[in-house]
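The structure comes before the discussion.

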Amino acid sequence: MKATQGQFAMLFKPFFQTTTIPIALVDFSGRIQETNPAMQILLGFPAEEIEGRNLLEFVAAEDVPATQALFRNMVPSGAKGPSTEIRCLRRDGQKLTALAAFFKIHDQNGDQESMILTLENLSDSRQAQQRFNDITYFDPLTGLANRLLLHDRLEHALTQAKRAQGMIALLMININRFRDINDSFGHAAGDQLLNEVSNRLRPCFRDSDTLARFNGDKFAIVLDKMPGLAPVSLVLRKLLERLGKPFSIGEQDVFITSSIGIALSPGDGKDSDSLLNCAELAMARASKEGRNNYQFYTPEMNARARERLRLESSLYRALERSEFELYYQPQIHPANGKMLGTEALLRWNHPTRGLLGPEEFVPMLEETGLIHAAGRWVLHTACAQAKAWRSAGFPEMRIAVNISARQLLHRNFAEEVAHALQQSGLEGEALDLEITESILMEDTELNAEVLQKIAGLGVHISIDDFGTGYSPLTYLKRFPVHSLKIDRSFIQGIPENSDDMAIAFSIFALAETLGLQVTAEGVETAQQLSTLNNWQCNKAQGYLFARPMPAARLDEWHSLELPQLRVCSDQSQN
Ligand code: C2E
Ligand code: MG
Ligand code: MG
């Protein structure tokens, strides 16, 4: 059926006025006769400024020929003619891209009189598409390519390299201890750091390389068409230099360290997944080797990684399956052999590998962030056990709990300690938190604040493995420290090794000057004990007295073995 102008006016007027499709009625000379509100909004002109003017005045010069061709090619019937993309000129000077289509309409006799122009705004849908692409392929925080785009680009680069027999390098960069920055400065500061990192990375590469945020604190770079290894080492040097400079986070300057893993194709892998995997393994190795390090992938990394991964995945379930257990090692008064307390030491009853010591899994707990949940469990369990012992006839029993740096840096750590005390009913002074020197070296305001809060609960703070850090001792004055726990490596050399003797002795002298207590750990011989006793050591702990043991065994040990030990130590003093 053919539409006539009369019918158009009658039937379509309400539609014409209300539709969101921009429509204009145009005569055959191109003069605009009428426009609907949608067209006026699209072009940004009121009706009176459009109507009567030639349609071509609203078309960008470069698209005028295409618009004229569209006129000419209009189909003779009332059917929809071909459409074409044109750029229209808006009143505000902007060009917008629209899909233009013309329809002929006829008068009642069926003669051609006018045509209808519809415009479909493509800018909106293009923007929507662009937005969609941005969300899908780019990281919203840094604006870098995301993991998906990295995959695409890597695949593309690999296909090209295969054809040209070229080389590709994939670099994976990890910002070490980023989680600590998030925990101690807050997430906004963490975001700021990631942005700053990506800004510093960008200038290190050519446009053809792809820099992506792989996830969290990991970045990946595809170096395409590498002639050899020389450009890779140049990039590595640039990266380490740029990331080695301080970052300002809020008011503070923060130094970060990074670990970089490198995998090369075709040598290490020919598809994107295996190459990414190799680069990640190399990166993990680099971070183990120390700060600001890089490592090229080697095949033996794979076998180790598989084993580690197996252990890590079972670690995730260890807490809920109640596979963790605390062992307790007695701490003894060297002079009178009385038990003063115990140190709680974490063990993992692994379903297939048996009893594992903390060295095998605590670093993994820290890396995965599981240390928060596991540490909370340790704290609560140890406090509850200490309370039980105090109520059952050891009123002076104190409990020492090891705290990792990551736990202490957590914002709510002091509240967690308070909660554990409150839940167990244990007095604050019965709890001794062992932290390492490295934590205090960081010397952030947060550390001081958290430790003050903890000390405010009456809880004691000890420096574990004292003497092993290369730290200036000034921190001892700034933080509320109560005692020093001499590392067992110094105790081992007593009395034969004169260096160890000198170091251990000077720690006692330092403690005395600062009014701190001293605990000796790793005491294995009666000779060591008597030397320590001469130095007024407050507490001793070691295999000489007992190895760490489950709570139930400790009760037995206390009643059966400790009395004999006391006799021995009395004799050793004579
Ligand atoms: P640490 O706090 O310095 O604990 C003392 C370590 O020395 C314990 O090893 C203990 O079994 C061992 N030891 C005690 N007496 C002797 C001795 O006479 N000779 C020798 N050779 N060794 C002795 P363990 O239980 O393997 O713990 C190792 C480390 O794991 C601990 O060192 C501590 O840093 C960490 N750790 C243990 N439990 C936890 C925990 O619950 N949380 C955290 N974050 N770390 C923990
Ligand atoms: Mg300890
Ligand atoms: Mg220690």
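A residue is called buried here when its relative accessible area is under 20%, exposed when that area is over 50%, and partly exposed in between. Asp-432, with a relative accessible area of 4%, is therefore buried, and Lys-539, at 8% relative accessibility, counts as buried too. These two residues form a salt bridge in which the closest N and O atoms are 3.9 Å apart. Because Asp-432 lies in strand S17 and Lys-539 in strand S21 (residues 539-541), the pair ties together parts that are 107 residues apart in sequence.

The model is predicted, and its confidence should be kept in mind throughout. The mean pLDDT of the protein chain is 87, with 92% of its residues reaching 70 or more. Confidence is lowest in helix H23 (residues 562-573), where the mean is 60, and highest in strand S16 (residues 398-402), where it is 98.

**Salt bridges**

The count of salt bridges comes to 25. The table lists some of them.

| Glu-62 | Lys-95 | 3.2 Å |

In the pair of Glu-62 and Lys-95, whose closest N and O atoms are 3.2 Å apart, distant parts of the chain are linked: Glu-62 sits in the loop between helix H3 (47-50) and helix H4 (64-72), and Lys-95 in strand S4, 33 residues apart. Glu-62 counts as partly exposed at 43% relative accessibility, and Lys-95 is partly exposed with a relative accessible area of 46%.

**The magnesium site**

Four residues coordinate the magnesium ion (ligand 2), namely Glu-343 (OE), Asn-402 (OD1), Glu-434 (OE) and Asp-464 (OD), at 1.9 to 2.2 Å. Their spacing along the sequence is E-x58-N-x31-E-x29-D. Within this set, Glu-343 in strand S14 (residues 339-350) and Glu-434 in strand S17 (residues 431-436) link distant parts of the chain, 91 residues apart. Glu-343 counts as buried at 3% relative accessibility, and Glu-434 counts as buried at 2%. Asp-464 also bridges the magnesium ion (ligand 2) and the magnesium ion (ligand 3), which lie 4.1 Å apart.

**Cavities**

At least two lining residues come from each of strand S2 (32-35), helix H2 (37-43), strand S3 (83-89), strand S4 (95-106) and strand S5 (112-121). By class, this lining has 14 nonpolar, two polar and no charged residues.

The second largest cavity has a volume of about 50 Å³, and its lining has no nonpolar, seven polar and three charged residues. Asp-432 and Lys-539 are among the residues that line this cavity, which also include Arg-398, His-460 and Ser-462. Strand S18 (460-466) and strand S20 (517-521) each supply at least two residues of that lining.

Notes:
Residues numbered from 1 in each chain as written. Chains lettered and ligands numbered in written order. Predicted model: local features only at pLDDT ≥ 70, side-chain atom pairs only at ≥ 80, totals over all residues. Heavy atoms only, no water. Helix = DSSP H or I, 4+ residues; strand = E, 2+ residues; numbered from the N terminus. Nonpolar A, V, L, I, M, F, W, Y, C, P; charged D, E, K, R; others polar. 1 Å grid on protein atoms, 1.4 Å probe; cavity = no way out; pocket = protein on both sides within 12 Å on 5 of 7 lines; lining within 4 Å. Points joined across faces, edges and corners; volume = space filled by probe spheres on them. Donors = N, O, S within 2.8 Å, 3.2 Å for Na, K, Ca; no water. Buried < 20%, exposed > 50% of the residue type's maximum accessible area, 1.4 Å probe, protein only. pLDDT = per-residue confidence, 0-100. Salt bridge = Lys/Arg side-chain N within 4 Å of Asp/Glu carboxyl O.
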